Amino acid sequence: MMKTAMERIGIVGAGMTGATVSSLLRAECADSKLLVLDKGRGVGGRMSTSRCVEAKSSSVDLGAQYISITEAYREKHQRFHNELISAGVLKNLTCEIEGERNQDSSVTHHVAPEGVSSIVKHYLNQSGAELHTSQHVTRVDIKGDKVELMSDSGVSYQCDSVVLTMPVPQILQLQGSIAEILNSKPDVKRNLEDVSYSSRFAAGLFYNPSTNLNYSWAGKYITGNPCVRFVSIENKKRNLTDSELGPSVVVHTSVPFSLEHLEEDKNAIVPTILQHLRDVLPELPEPTEIKGHKWRFSQVHKAYVNSPGCVILNERPLIILAGDGFTHSNMDGCIESAISTTEAMLKVLASKSNI
Ligand code: FAD
């Protein structure tokens, strides 16, 4: 463990990468003050879980659905998997996902019974970080030996070091000294501009407790429909048995459909999604409530060149870029990014304290 003379480390993004970085830094630098900022109202990012307003239904995971652990991940990240499993945050997926592409029998699939955001919450709680939601960081400025993060609500946060974990196109939108640093490093800027993501719409459908959805599968990849790509029966996927809670369903659209309608409003597109869903599952009853969502940056299509895990943008004061854009899009991709971010950070902080 390192003594860091009360460094204040700012982490932008309370998604899987930001939460894991926070927890790893807490373990390594017990004295540091960790500050996590997110523009969302809640935490989780693309591992978010939403509840409906009216119906007493189970919640829906609008982004990440389930966690697939390969042999290679098991070797590298076993301590993370074991911890999540022993804390009850992850459980084995017991139902079928029809059309699941990864048929390798050594791969195990897991679900988060409390919703996928519970994985992120687990690490954030563990870190004890000071968390501020609804803080959309729009400027990153270097002021002497500090980094100043400024939110669109006019609040500024002074930090000794900063980790930015938002999707790469959102890093490129930031204003302030960071834009000048990027302009002074054309190779890094070009590599960042080359990172690309797919887009998707998601819809969460909520039902009354009296509704019974009888499907043999918990999730299904759909082929041959121009709009619907994936459907999940959430309560079945998570093996929830509470009869007081109604079922809920998640629909993801296909990449070509999402690209074609990308500029449309997330709620305006819902009727079209439901129309296509009726072709796929004609017997599905009408939901009592619907929640639409647009993932403009869904999964990484092309990662940062050579998938380095993170990129040090500035050494003094330290600004590190991290997230699945620097590895690949899944839970273990985020863990990989968090580990390399923490290692890079500790190295720079150690060299700083030797001066
Ligand atoms: P994010 O989750 O994007 O976190 C970044 C955070 O930064 C967000 O909370 C955002 O609100 C915040 N932010 C952005 N800009 C700002 C700003 N300017 N100021 C403040 N905060 C900001 N993975 C799996 O393992 N299994 C799956 O089944 C799976 N399915 C998926 C399905 C979909 C539809 C999607 C979208 C993703 C899926 N993934 C899946 C991928 C997984 O969700 C992501 O790889 C992971 O959540 C990325 O985490 P992150 O922390 O790197 O980024």
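Which residue in S11 is the bridge partner of Asp141? In this predicted model, the partner is Glu148.

Strands of a sheet pair through backbone hydrogen bonds, either parallel or antiparallel.

S10 is joined to strand S11, residues 146-151, by six bridges. The two strands run antiparallel. Besides the pairing of Asp141 with Glu148, Lys143 has Lys146 as its bridge partner in S11. S10 and S11 form a hairpin, with two residues between the strands. Gly144 lies in this turn and has a positive phi of about 65 degrees.

Leu149 has Tyr157 as its bridge partner in S12. S11 and S12 form a hairpin too, here with four residues between them. In that turn, Gly154 has a positive phi of about 90 degrees.

The ligand is surrounded by 34 residues. The closest are Thr17, Asp38, Arg46, Tyr66 and Asp324. By class, the shell holds 17 polar, twelve nonpolar and five charged residues.

At Arg46, a polar backbone atom is 2.8 Å from a ligand oxygen. At Gln65, a backbone N or O atom lies 3.1 Å from an oxygen atom of the ligand. At Asp324, the side chain takes part instead: one of its N or O atoms is 2.8 Å from a ligand oxygen. Taken alone, the ligand exposes 1,000 Å², and the protein buries 94% of that area. Helix H1 (16-28) and helix H10 (331-353) are the elements that give two or more residues to the shell.

Why does the ligand lie between two domains? Domain 1 (8-41 + 133-195 + 304-353) gives residues to the shell, and domain 2 (197-300) does as well, so the ligand lies between them.

Definitions and conventions. Residues are numbered from 1 along each chain as its sequence is written. This is a predicted model: local features need pLDDT of at least 70, side-chain atom pairs count only at pLDDT 80 or more; totals for chains, interfaces and linings use all residues. Side-chain values use heavy atoms; hydrogens and water are left out. A residue is near a molecule or strand if one of its heavy atoms lies within 4 Å of it. A polar contact is a pair of N or O atoms within 3.5 Å; within protein, one must be able to donate a hydrogen and the other to accept it, and residues adjacent in sequence count only if both atoms are side-chain atoms. Accessible areas come from the Shrake-Rupley method with a 1.4 Å probe; for residues, only the protein chains shown count as cover. Ala, Val, Leu, Ile, Met, Phe, Trp, Tyr, Cys and Pro count as nonpolar, Asp, Glu, Lys and Arg as charged, and the others, Gly among them, as polar. Domain bounds come from an automatic or database domain assignment. Two strands pair if DSSP finds at least two bridges between them.
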